[in-house]
Amino acid sequence: MTPRQILTLLFSFLVCLNLAVAQEKAGQPWWRHAVFYEIYPRSFADSNNDGLGDIPGITLKLDYLQWLGVDAIWLTPMFPSPQVDFGYDVSDYENVDSHYGTLADMDQLIAEGKKRGIRIILDFVVNHTSDQHDWFIESRSSKTNPKRDWYIWREGKGADQPPNNWVSLFGGPAWAFDPPTRQWYYHYFYPAQPDLNWRNPEVENAMFDVARWWYRRGVAGFRLDAVTNLFEDPQLRDNPLVDHKSNAYGDPVEREVYNLELPELHGVLQRLRKVSDEYDGVLIGETWTDTLDQLKLYYGQHGNELQLPIDFRFFAVGKLSAPAFRKQIADAETFEGQPVYVFSNHDEPRQYTKYGDGRHNDQIAKLLASLYLTLRGTPIMYYGEEIGMENNDPKTREDVQDPIGKLGWPVDKGRDGERTPMQWNAQANAGFSHVKPWNPVDALFRQYNVETERQNPNSILNYYRNLISVRHTNPALLDGKYVALNEDDPNVLAYIRSYAGKNVLIVLNMSGSAHTIKLDLPSKGIAAKSSKILLASFRTPRHGSVNTIHMEAFGAYIAALE
Ligand code: NOJ
């Protein structure tokens, strides 16, 4: 072969390779590179000044979300509900609670989102309904009602004794006695949230119809609430107790082997996935698991269940520790399924407070963002984290609105603290509403709000925006494999995302002191002469060394290798 022929062959090979890469990208599902953003509708924006956020309020803020770079928003439940559990007790799956608006408002949100490239994901409360749902009202009306078996009804073990020892996550026994029919019904959460009986095919059909109904209206997927809970042991065996321990509500701690994670639920997920695939939808799972092996099951053996089961083990790391995060990421990287990362949500304290040390919280907020927005996987942000919102727990028991906070006080103050109104500006009520909001605005809102932070190039908000933009446009951050560096470093987490010869270096100092780190990239097969900063949370030269990097306390550094 002549040198010319060799060159031609090489050229054709490269063209083919590029084409293959382009095709693979074109074939990527829409959610693969999306940044998701969770909105608690009650607390996002109040358009009609009644103190509660609403759907039109969210529509008014879509321009902001587009500016930030969000691709999809997950709305926590906005369906009609008696609001015992602030919407997670649904009384009608095919409508909108009047506090939050109308179906027409939802249609408008979906349409306006579409114009801006923002998809809408709903929260599908699949495990239970409200006790005010027509299905349950019928079910409880008599033992022979055709819907009796849509819920889990049983005789007690004896007089005043529930069928077994299961406890509710929200305190007390997981069974409620219904005097008219003298049977007990099962509720893993509040008594006002009876569990559906997914062993009954009519329940499955009815719930799948709900999914189709919303897909036809234009939503792009669902986050499946409490999806680990769908099935219970048919014999209702007692759960084993854990060492005579009791929880914040004084109930025994159990190993919930007979009412969580039963294998039957995977059949439901496979069938729901088929429904969802007809509409190119995505299914996100509230999948609390202890191990990767348990989590893997939710992807399905052939990737035929949830595309995005949340990895709460990442969430549970709980301390700013390079070794702890390194270990967690390495574990997730042993599996090719798309990891899903969250730092906080409407049930859990905000990361600003959870990981903050009280002195460097802003730096730490940027550091955490730099971690989960540069990892392989899907980040799900929680509204307000991009401006550094902190947790604002109620000060007294009388102030608590979340029933579990009243019950668990003072050990468990409930979830009001992470559900405070979004901080839009420095005016009254943080621009959330013209009237007193349902839940108090956090005291720091004059400093931490969208309007103020937009004007400051060094704000947490602008850092997030720049980071999301880098993530969206850099092939290595989109598709690169994860390569761990300096794996023995106790303070600094460093890694490369590497894709088709393009490498991005990420260095995150998880300690409160400055460190200079040395890198040995050739040992990882990476040849680079210099680096160009894409984003850093501290002042550093635009071009840097690839051997030695000076990191400030809690600093984040993201650079393209050249
Ligand atoms: C999980 C939800 O995230 C939480 O807010 C709710 O209380 C329970 N599921 C019950 O639906």
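Colleague: Which residues come nearest to the ligand?

Modeller: Of the 13 residues around the ligand, D85, D225, H346, D347 and R415 come nearest; a residue is near if one of its heavy atoms lies within 4 Å of the molecule. Bear in mind that this is a predicted model, where local features need pLDDT of at least 70, side-chain atom pairs count only at pLDDT 80 or more, and totals for chains, interfaces and linings use all residues. Residues are numbered from 1 along each chain as its sequence is written, and side-chain values use heavy atoms, with hydrogens and water left out.

Colleague: Why is the F79 and W214 pair called edge-to-face?

Modeller: Rings of Phe, Tyr and Trp (its six-membered ring) pair if their centres lie within 6.5 Å; planes under 30 degrees apart count as stacked, over 60 as edge-to-face and the rest as tilted. The structure holds 42 aromatic pairs. In one of them, F79 and W214 are 6.0 Å apart centre to centre with 70 degrees between the planes, so edge-to-face is the label.

Colleague: What makes Q83 and P410 worth a look?

Modeller: Most residues other than glycine have a negative phi, and most peptide bonds are trans. Q83 has a positive phi of about 65 degrees although it is not a glycine. A cis peptide bond joins W409 and P410, with omega about 0 degrees.
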